[in-house]
Amino acid sequence: MSDTPFGFGLPPEEPEDGDEGKKKDQQSGGGQGPANPFGFGDLPGAGGFGGPGADNPLAAMFGSLNPTDLGAAFQQLGQMLSYEGGPVNWDMAKQIARQTVAQGTSDGTKDASVGAAERRAVEEAVRLADLWLDDVTSLPSGSASAVAWSRAEWVEATLPAWQELVDPVAERVGAAMGDVLPEEMQAMAGPLIGMMRSMGGAMFGTQIGQAVGVLAGEVVGSTDIGLPLGPAGRAALLPVNVEAFGKDLSVPQEEVRLYLALREAAHQRLFAHVPWLRSHLFGAVDGYARGIKVDTAKLEDVVGQFDPQNPEQLQDALQQGMFQPEDTPEQKAALARLETALALVEGWVDAVVHAAAKPRLGSADALRETLRRRRATGGPAEQTFATLIGLELRPRRLRDASRLWASLTDARGIDGRDGLWAHPDMLPTATDLDDPDGFVHREQLDFSELDKMLGEAAGGAHGKPDLRKKDDGETEDDDTE
């Protein structure tokens, strides 16, 4: 039974201590728990408003169905069955995410509106962070504004990005539901297929809403998982989560806020001034979605036995690994491209933030290591990302990428290092992360001659004479006899 989205299988984790780590994992019964379509059932707080029924979206929506809730329950059921939108019911996702946020986190921390003093503190931290970053990167500021969000505001601001990430995957699965029946039977089964799609959209919306709501209780900004989830050019911090992050670190709250502002501002610079990067990352997710295949035999059984009075039957089918990634070169390439790109993003941010903070903050090393361990142990952020698209960003890749960027700084300087973001083909590959020294000391390609040749070719195409040098240094026109 799969515990990943739509039954996706995750790549096996590679412990940093190699074979010994694998043995320990096997001895300790390593693995993941019971399944649900997106794998979020055992996240802290993922019970939504149904508590123990988190794996059942109907229980999550309707609670215990006591008489006082019965009217609202039937109203929500009607909305669910009448949904005619895309593959995910995003209205439901938003509603459930907001309600999950309102419940607070497992440690008892509740969401709260951001006050004027907190907003000023965030604005000042981002402004100072940008000044420090000017010394360690050639990329200019990408933060047109700095904002302080509550958890609920984070949900509202990031849902469009989640929709862009998840819809390609859910669309492929939703289309499969209508393609299983023979063409001559689809017209007869139209209402049933429509009901299944409505139920699927509601179930996916419920699970995503729970996941985003849980994630809102942990993230400290808009770029925690290496993707630009918020509006472009808007550096954001969540004061309530920043405070919780630094609670047990014995580090002044001002330093914690400033260090996290450095990370947020560094991400903003990268995504603002590397125009191809966002589409490159999101395109890899879309490429992954195109490789999804469906166990049609299992889905045919579900369609044939589906009882409209028992909608939970579809949920059970989704839990049984009906949807699996196809092990094709294209599928592997999409995942490898995404993993490598995310590692390079996070590694670059880690390297430049450390360069900016180390001379100025006594707590820089401690905060850096805390964030690395947070990534290594994995929290809702990593689990959410892994279950949504079937990828785990492994700490080993992040550390390798950070070392590579630092070595590039020493060998080529700030401009030489940052210049690699000019085009995706210039960036290090997964192989280069295994041999960072080899990449750093590799001879740099000089594109100036290529540009000159392309310019001359373009000029020749417009009817201009192509002049070449003779052996004696004179020039001749190609048209000259």
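The structure is a predicted model, in which two cavities of 30 Å³ or more are counted.

By class, the lining of the largest cavity is made up of eleven charged, seven nonpolar and three polar residues. Several helices take part in this lining, and those that each supply at least two residues are set out below.

| Helix | Residue range | Part in the lining of the largest cavity |
|---|---|---|
| α10 | residues 253-273 | at least two residues |
| α14 | residues 329-357 | at least two residues |
| α15 | residues 364-377 | five residues, the most given |
| α16 | residues 380-389 | at least two residues |

Helix α14, which supplies part of that lining, also packs against another helix, α11, which spans residues 277-290. The axes of α11 and α14 come within 8 Å and cross at roughly 150°; because angles over 145 degrees count as roughly antiparallel, α11 is roughly antiparallel to α14. The crossing in which α11 passes α14 is left-handed.

On the α11 side, the residues that meet α14 are L277, H280, L281, G283, A284, V285, G287 and Y288, and their counterparts in α14 are Q331, A334, L335, R337, L338, A341, L342 and V345. Sorted by class, the contact of α11 with α14 comprises eleven nonpolar residues, four polar residues and one charged residue, whereas the lining of the largest cavity has eleven charged residues beside its seven nonpolar and three polar ones.

How values were computed:
Residues are numbered from 1 along each chain as its sequence is written. This is a predicted model: local features need pLDDT of at least 70, side-chain atom pairs count only at pLDDT 80 or more; totals for chains, interfaces and linings use all residues. Side-chain values use heavy atoms; hydrogens and water are left out. On a 1 Å grid over the protein atoms alone, a cavity is a set of points where a 1.4 Å probe fits but cannot get out, and a pocket is an open set with protein on both sides within 12 Å along at least five of seven lines; lining residues have an atom within 4 Å of a point. Grid points are joined across faces, edges and corners, and a volume is the space filled by probe spheres set on the points. Helices (H or I, at least four residues) and strands (E, at least two) are DSSP runs, numbered from the N terminus. Ala, Val, Leu, Ile, Met, Phe, Trp, Tyr, Cys and Pro count as nonpolar, Asp, Glu, Lys and Arg as charged, and the others, Gly among them, as polar. Axes are lines fitted to C-alpha atoms, for helices over the stretch in contact, and angles run from 0 to 180 degrees between N-to-C directions. Angles under 35 degrees count as roughly parallel, over 145 as roughly antiparallel, 65 to 115 as roughly perpendicular and the rest as oblique. A crossing is left-handed if the near helix is turned anticlockwise from the far one by less than a right angle, and right-handed if clockwise. Contact means heavy atoms within 4.5 Å.
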